[in-house]
Amino acid sequence: PDPGTLASVLTEGVKNTISDSRVKVTYEPEYVPAVPPAMPDIPPEQLAGMIKATVKVEVLDGNIAYLKIQHIIGEEMAQKVGPLLLEYIWDKVLPTSAMILDFRSAVSGELSGIPYIVSYYTDSEPLIHIDSVYDRPSDITTELWSMPTLLGKRYGTSKPLMILTSKNTLGVAEDVAYCLKNLKRATIVGENTAGGTVKIDKIKVGDTDFYVSVPVAKSINPITGKSWEIDGVAPHVEVPAEDALETAVAI
């Protein structure tokens, strides 16, 4: 009689059968499939406001840059707001001697944003194969490579880079952390990440209000030959998420 309880029972059954916590059964009578919005024609000032809402930037004692990122923007948005990103964020942190990227509450992002972020911490040459993403519905594998040219200067490869993680760090942010970890460019401080996926589809079950959420793409790192999905990204220095910033500053 209670569809919500049935969905929970089914989800538990699925988890016990296939050991993949990303697969869920939900009951959602009000569900409306999300349509990716077209790039809005928003004035630059408003875009700047949107960026400020998802990124916190400051320079800490010891000339350490601190960037808290909640959403990793994609290529299209990055190109549109590039000058604003430089002015509001990048120009402030470029002269620092070390940087901390805070991904503890990063739960969303665009796949096309991964090469953008990683490239700022690598050299322009040679180009690096960062990641391969296999998309099951289209049966296409997309290779992500570092970018030869970027807006603004690179942070470079010599200054220390720390990435803060929590058990809630999810999806594209996990991919960025895993890439920079295996390139030996960043030290991960905090908790093991959620072990999400780069892409989930929600499939309607027949003519009902039940849905099954299923990962439909897989990230495969060219260095490890493995994925961060399901197991998450393990930190180099494991501490509770609330202590990660203090620990990273001390390091």
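This tour moves through a few strands of the structure and points out what to select at each stop.

The model is a predicted one, in which local features need pLDDT of at least 70 and side-chain atom pairs count only at pLDDT 80 or more, while totals for chains, interfaces and linings use all residues. Residues are numbered from 1 along each chain as its sequence is written, and side-chain values use heavy atoms, with hydrogens and water left out.

Begin by selecting residues 24-27, strand S1, together with residues 210-215, strand S12, which pair in the antiparallel sense over 4 bridges. Strands here are DSSP runs (E, at least two residues), numbered from the N terminus, and two of them pair if DSSP finds at least two bridges between them.

Next, turn to an open sheet of 3 strands, ordered S8-S7-S13 with antiparallel pairing. Strand S8 (140-145) and strand S13 (217-220) stand at the edges and have a single partner strand each, so one side of each is left without a neighbour in the sheet. Finally, select S7, residues 129-135, which is joined to S8 by 6 bridges in an antiparallel arrangement, and look at Val-133, whose bridge partner in S8 is Thr-142.
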